[in-house]
Amino acid sequence: MSKSARKLSAARATGDCLCGAVRIEIAVPVFWAWHDHSKASQRAQGCAYATYVGCWKSKLRVVKGSKSISHFEEPQTHAVRSFCKKCGTPIFYQRTRAPKMVNIPRALFDTRTGREPLYHIGLDDAPEWEYHGEALAPLKGYPGVLMARPKRRKTQRAPVF
């Protein structure tokens, strides 16, 4: 048994990229989970916010596809974002201020990771078009599609003299 495999606990979660070229395994429970609304994560993930789980590097193992992982270092923060070379799926996000931790998109895992995302980071960067819990209704003719109900316009009443 390899040294990295011995470090993982019996409880594990496996995650995959979109094309299946990369498979990772982490020990659960993870250290924490959060929603990141920062501009950097919006751009890197291509969405309003990204949900991450954070775990110790020692509790992570790349099971398959380590040669399929490429890296990008953010010039200003020196944070390193890793992704699958084949399909572009984000795999890791590592910050210089936490060298022993690795952050992983929660969506890579189909099973539980041991922590619910309770924290929000970068809410000041959240876009105004992000979903904020508005009432949703089914879109007629499109199964599985929901739409935000339009806000009712208040009718302007003529002033009474």
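Rings of Phe, Tyr and Trp (its six-membered ring) count as a pair if their centres lie within 6.5 Å; planes under 30 degrees apart are called stacked, over 60 edge-to-face, and the rest tilted. With that rule I looked for ring pairs, and they link Trp32, Trp34, Tyr52, Tyr93 and Tyr119 into a cluster.

**Ground rules.** I am working on a predicted model, where local features need pLDDT of at least 70 and side-chain atom pairs count only at pLDDT 80 or more, while totals for chains, interfaces and linings use all residues. Residues are numbered from 1 along each chain as its sequence is written, and side-chain values use heavy atoms, with hydrogens and water left out.

**Entry 1, the whole chain.** I looked up the secondary structure and found 2 helices and 12 strands. Helices (H or I, at least four residues) and strands (E, at least two) are DSSP runs, numbered from the N terminus. Along the sequence the pattern reads α-β-β-β-α-β-β-β-β-β-β-β-β-β. Of the 161 residues, 32% are buried. Buried means under 20% relative accessible area, exposed means over 50%, and partly exposed is in between (1.4 Å probe, protein chains only). The accessible surface comes to about 11300 Å², and 55% of it belongs to carbon and sulfur atoms; such areas come from the Shrake-Rupley method with a 1.4 Å probe, and for residues only the protein chains shown count as cover. I also looked up contacts (heavy atoms within 4.5 Å). Among those between residues at least 6 apart in sequence, 55% join residues at least 24 apart.

How many aromatic pairs are in the whole structure? The search finds 5. I noted the pair of tryptophan 32 and tyrosine 119, which is tilted, with 5.5 Å from centre to centre and 50° between the planes. Tryptophan 32 belongs to strand 3 (residues 32–36) and tyrosine 119 to strand 10 (residues 119–121), so this pair ties together parts that are 87 residues apart in sequence. Tryptophan 32 is partly exposed at 28% relative accessible area, and tyrosine 119 is partly exposed at 43%. I then checked tyrosine 93, and the charged end of arginine 81 sits over its ring, 3.9 Å from the centre. To count, NZ of Lys or CZ of Arg must be within 6 Å of the ring centre and within 35 degrees of the ring normal.

A nonpolar core is a set of buried Ala, Val, Leu, Ile, Met, Phe, Trp, Tyr and Cys residues joined through side-chain atoms within 4.5 Å. The largest has 20 residues, of which Ile24, Ile26, Leu60, Phe92, Ile104 and Phe109 touch the most other members. Strand 2 (23–27), strand 4 (50–56), strand 8 (90–94) and strand 9 (101–105) each supply at least two residues of this core. A second, separate core of 5 residues includes Trp34, Tyr52, Ala79 and Tyr93.

I followed isoleucine 104, which is in strand 9. Is isoleucine 104 buried or exposed? Isoleucine 104 is buried, at 0% relative accessible area. Leaving aside neighbours within four places in sequence, its contacts include Ile24, Ile26, Leu60, Phe92 and Phe109.

Glutamate 74 counts as buried at 11%, whereas threonine 77 is partly exposed at 42%. Their side chains are joined by a polar contact of 2.8 Å. A polar contact is a pair of N or O atoms within 3.5 Å; within protein, one must be able to donate a hydrogen and the other to accept it, and residues adjacent in sequence count only if both atoms are side-chain atoms. Not counting residues up to four places away in sequence, glutamate 74 touches Ala40, Ala79, Arg81 and Tyr93.

Most residues other than glycine have a negative phi, and most peptide bonds are trans. Histidine 78, not a glycine, has a positive phi of about 65°. A cis peptide bond joins valine 28 and proline 29, with omega about 10°.

Glutamine 42 is in helix 2 (residues 39–45) and counts as buried at 10%. Its side chain reaches the backbone oxygen of histidine 37 at 2.7 Å.
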